[in-house]
Amino acid sequence: MAIDRGIRIIAFFKLLKGILLFGSGVGLLNLLHKDVADRVMQWINILHVDPDNRYIQNLLVKASIVNERQLKRLSVGAFFYAGLLLTEGSGLLLGKRWAKYFSVIVTGSFIPLELWELVKQFNVNKTIVIGVNIIVVWYLILRLKRE
């Protein structure tokens with residue numbers, strides 16, 4: 001059975017996000033027992049980013065107050081969500097029907113949270129993410145109904 005292009009795109013997108021999130025989890029673990037603000041400043045210098053930029057300043061403030069416990073929690077969350085994304089992506093790529101249901105449930109369950117975050121603070125990027133997630137859920141539901 002051939003997998004349609006839309007499902008393949010969704011699968012690769014989920015796999016890419018899962019791999020990036022897994023890498024983020026590893027990176028967060030590497031920050032344990034280190035001065036996070038100092039590490040961020042090193043990356044700012046390596047990437048030649050303006051340290052006076054307000055977003056960079058905000059990042060530096062947050063990095064200076066993050067503690068070991070928060071880093072561990074963030075890394076566990078990153079690994080958990082990466083696992084969900086990698087499961088969704090690989091299942092979709094293998095053409096598994098359960099993966100479509102799983103993706104609808106997982107992706108759909110985050111939409112209310114994303115909407116709440118958007119209501120708290122409007123952001124164009126958040127709006128795009130919500131729109132993409134709604135389209136993904138809608139598309140998968142249509143594919144499930146056709147089967």
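From the N terminus on, the elements of the protein chain run α-α-α-α-α-α, which amounts to six helices and zero strands, where helices (H or I, at least four residues) and strands (E, at least two) are DSSP runs numbered from the N terminus. This is a predicted model, in which local features need pLDDT of at least 70 and side-chain atom pairs count only at pLDDT 80 or more, while totals for chains, interfaces and linings use all residues. Residues are numbered from 1 along each chain as its sequence is written, and side-chain values use heavy atoms, with hydrogens and water left out.

**Overall dimensions and surface**

- The C-alpha trace of the protein chain spans about 55 × 30 × 30 Å along its principal axes.
- Of the 147 residues in the protein chain, 30% are buried, a term that means under 20% relative accessible area, with exposed meaning over 50% and partly exposed in between (1.4 Å probe, protein chains only).
- The protein chain has an accessible surface of about 10,000 Å², and carbon and sulfur atoms hold 67% of that surface; such areas come from the Shrake-Rupley method with a 1.4 Å probe, and for residues only the protein chains shown count as cover.
- Among the contacts in the protein chain with a separation of 6 or more, 69% come from residues 24 or more positions apart, a contact being heavy atoms within 4.5 Å.

**Helix packing: α1 with α4**

- Two packed helices are described by the angle between their axes and the distance between the axes.
- Helices α1 and α4 pack at an angle of about 160°, with their axes 7 Å apart; axes are lines fitted to C-alpha atoms, for helices over the stretch in contact, and angles run from 0 to 180 degrees between N-to-C directions.
- That angle makes α1 roughly antiparallel to α4, given that angles over 145 degrees count as roughly antiparallel, under 35 as roughly parallel, 65 to 115 as roughly perpendicular and the rest as oblique.
- By class, the contact of α1 with α4 has 21 nonpolar, five polar and four charged residues, where Ala, Val, Leu, Ile, Met, Phe, Trp, Tyr, Cys and Pro count as nonpolar, Asp, Glu, Lys and Arg as charged, and the others, Gly among them, as polar.

**Helix packing: α2 with α3**

- The axes of helix α2 (residues 36–46) and helix α3 (residues 54–65) come within 7 Å and cross at roughly 150°, and the two helices are therefore roughly antiparallel to each other.
- The crossing in which α2 passes α3 is right-handed.
- On the α2 side the contact is made by Val36, Ala37, Val40, Met41 and Ile44, and on the α3 side by Ile56, Leu59, Leu60, Ala63 and Ser64; these residues divide into nine nonpolar, one polar and no charged.

**Helix packing: α4 with α5**

- Helix α4 (residues 68–93) and helix α5 (residues 97–120) pack at an angle of about 145°, with their axes 8 Å apart, and their crossing is left-handed.
- From α4, Tyr81, Leu84, Thr87, Glu88, Gly91 and Leu92 meet a set of α5 residues made up of Trp98, Ala99, Lys100, Phe102, Ser103, Val106, Thr107 and Phe110.
- The residues of this α4 with α5 contact divide into eight nonpolar, four polar and two charged.

**Individual residues in helices**

- Lys100, found in helix α5, is buried, with a relative accessible area of 6%.
- Not counting residues up to four places away in sequence, Lys100 touches Ile7, Leu92, Leu140, Leu144 and Glu147.
- Val76, found in helix α4, counts as exposed at 57% relative accessibility, and its C-alpha atom is separated by 19 Å from that of Lys62, 14 residues apart along the chain.

**Loop residues with positive phi**

- Most residues other than glycine have a negative phi, and most peptide bonds are trans.
- His33, placed in the loop between α1 (5–30) and α2, has a positive phi near 65°, and His33 counts as exposed at 70% relative accessibility.
- His48, placed in the loop between α2 and α3, has a positive phi near 55°, and His48 is exposed, with a relative accessible area of 73%.

Note on methods: A crossing is left-handed if the near helix is turned anticlockwise from the far one by less than a right angle, and right-handed if clockwise.
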